[in-house]
Amino acid sequence: MAEKPKTAPAPADPRLRMMEVIIAATLRLGVTISLAVIAIGTICFFRHGTGYHLPAKTAALLAYRRPRGFPHTVGQVLRGLVALKPYAVIVFGVLLLLLTPIVRVAISIFAFLLEKDYTYVVITLFVFLMLMFSLFLGKVGA
Amino acid sequence: MSPPVFFIVTLLSSVAAGLLGALLGLGGGVIIVPVLTLAMGINIHYAIGASIVSVIATSSGAASAYVRDGLTNLRVGMFLETATTTGAITGALLAGLLAGRYLYLIFGLVLLWSGWVMLHRARLPQQPDLSPDRWAERLSLEGEYYDPATGRTTAYRAHHTGGGLALMFVAGTVSGLLGIGSGILKVLAMDMVMRLPMKVSSATSNFMIGVTAAASAGIYFLRGDLNPFITAPVALGVLGGAILGTRLLLHLHSDLVKKIFIAVLALVAIEMLLRGLGVNV
């Protein structure tokens with residue numbers, strides 16, 4: 001079988017491609033770690049309960065009412081994590097998962113900086129700020 | 001049912017959703033939200049929250065596959081993501097203001113639309129080819145790709161950048177509102193409006209989906225819609241199912257399977273609509 005010839009890259013492409021490969025590897029690592037944390041938190045949950053006020057009964061765990069029986073701010077998660085509450089461990093794993101695309105965008109900023117493509121540094125910064133924005137805006141509608 | 005049983009049922013349902021999504025080229029979100037709400041009676045806000053997390057998991061987890069072929073256009077993706085992330089935040093905020101039944105209604109309509117698109121994909125009219133877009137030139141929204149099937153390297157450039165951007169905003173809003181990846185709309189926008197090659201559109205769309213979902217996920221998190229009891233099995237299951245799906249490499253493109261799926265999709269859409277109208281079937 002003939003070897004697949006490489007595409008004729010535009011001047012900037014080889015380095016961007018390499019960046020994409022790095023990004024992809026980082027993402028997979030991030031996903032693996034976060035899923036491992038979620039799995040560990042789940043095991044702890046089945047052995048010790050939620051770590052918060054809710055009884056370990058399905059109906060109570062699924063109820064949509066306030067106050068929530070699980071952490072939902074970064075501060076709450078970290079405090080719960082330190083106290084080894086199972087639910088906090090799970091949510092921490094979920095937060096790590098949420099971080100993976102944000103890390104991807106951050107790495108892209110540096111990739112474009114290396115390319116001296118300042119237009120795209122600005123564009124990517126905008127996307128990054130939108131991602132940060134959403135983490136702080138969430139209180140609206142709560 | 002007891003918590004462990006619920007967990008396992010949700011986990012297995014999620015694996016099935018992830019598997020089906022991977023095999024059909026759809027996101028897991030479109031499948032998992034109806035399953036969680038209709039079949040398992042979970043509150044739709046929790047269901048959408050869990051679905052958003054699973055969308056991020058599959059997008060980030062599968063990223064290397066999309067990068068390997070060199071088809072993803074990082075610039076196009078990042079440029080369009082300015083619109084999708086803005087839309088995602090809009091959609092996520094909107095979801096917090098809307099009562100559950102409106103989400104059911106909108107979800108049902110989006111499902112119907114998706115089914116219609118899947119049916120008529122080949123016959124959709126394309127935007128006429130106009131002269132090169134000035135924005136595409138200034139922002140380097142172009143590239144080359146190698147197609148192993150034809151053995152040729154083709155250059156391409158984006159058109160109708162404004163239209164593409166607007167559609168991406170809509171795709172992002174739908175994604176943030178319903179917890180789905182909106183891959184279909186993104187690919188359509190890139191393929192039909194911006195006239196990017198199909199393979200580039202698919203790869204770039206997959207690249208974008210995770211970032212779009214992350215933009216809305218923060219809002220769901222702070223609003224307390226990411227319930228660990230639901231999010232854990234869904235995230236683990238959907239990613240597991242998606243990985244299984246890509247390993248099986250059974251790309252179910254046969255017409256019959258597609259038609260069966262569209263029929264099921266229509267039924268689910270109607271159920272979601274009925275829920276939205278207050279009828280509990």
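Biologist: So helices here are DSSP runs of H or I with at least four residues, and strands are runs of E with at least two, both numbered from the N terminus. With that settled, how many helices and strands does chain A have?

Modeller: Chain A has 5 helices and 0 strands. Going from the N terminus, its elements read α-α-α-α-α. Keep in mind that this is a predicted model.

Biologist: What share of chain A's residues count as buried?

Modeller: Chain A has 142 residues, and 42% of them count as buried. Its accessible surface is about 7800 Å², with carbon and sulfur atoms holding 72% of that. Also, take the contacts in chain A with a separation of 6 or more: 61% of them join residues 24 or more positions apart.

Biologist: Can you pick one residue in chain A? Where does Thr124(A) lie, and is Thr124(A) buried or exposed?

Modeller: Thr124(A) is in helix α5 of chain A, which covers residues 118–137. Its relative accessibility is 0%, so Thr124(A) counts as buried, the cut-off for that being under 20%.

Biologist: What does Thr124(A) touch, leaving out residues up to four places away in sequence?

Modeller: In chain A, Thr124(A) touches Val105(A), Ser108(A), Ile109(A) and Phe112(A), and from chain B there's Met78(B).

Biologist: OK, on to the interface. How many residues does each chain bring to the contact?

Modeller: Chain B puts in 63 residues and chain A puts in 67. Three residues of chain B, Arg75(B), Phe221(B) and Leu222(B), supply 14% of the area that chain B buries against chain A, more than any other three residues. The area buried between the two chains is about 5700 Å², and 72% of it comes from carbon and sulfur atoms.

Biologist: How many salt bridges and polar contacts are there across the interface?

Modeller: There are 2 salt bridges between chain B and chain A. One of them joins Asp225(B) and Arg68(A), with the closest N and O atoms 3.4 Å apart.

Biologist: Which element of chain B gives the largest share of the side touching chain A?

Modeller: That's α5(B), with 12 residues. Several elements of chain B supply at least two residues each to that side, including α1, α10 and β1. By type, the residues on that side of chain B are 37 nonpolar, 19 polar and 7 charged.

Biologist: Last one: where is Ser140(B) found, and how far apart are Ser140(B) and Ala158(B) in space?

Modeller: Ser140(B) is in the loop between α7 and β1 of chain B. From C-alpha to C-alpha, Ser140(B) and Ala158(B) are 8.9 Å apart, and in sequence they are 18 residues apart. Ser140(B) has 28% relative accessibility, so it counts as partly exposed.

Key: Residues numbered from 1 in each chain as written. Chains lettered and ligands numbered in written order. Predicted model: local features only at pLDDT ≥ 70, side-chain atom pairs only at ≥ 80, totals over all residues. Heavy atoms only, no water. Contact = heavy atoms within 4.5 Å. Buried area = accessible area lost by both parts, 1.4 Å probe. Salt bridge = Lys/Arg side-chain N within 4 Å of Asp/Glu carboxyl O. Nonpolar A, V, L, I, M, F, W, Y, C, P; charged D, E, K, R; others polar. Buried < 20%, exposed > 50% of the residue type's maximum accessible area, 1.4 Å probe, protein only. Areas by Shrake-Rupley, 256 points an atom, 1.4 Å probe, with all protein chains shown as cover.
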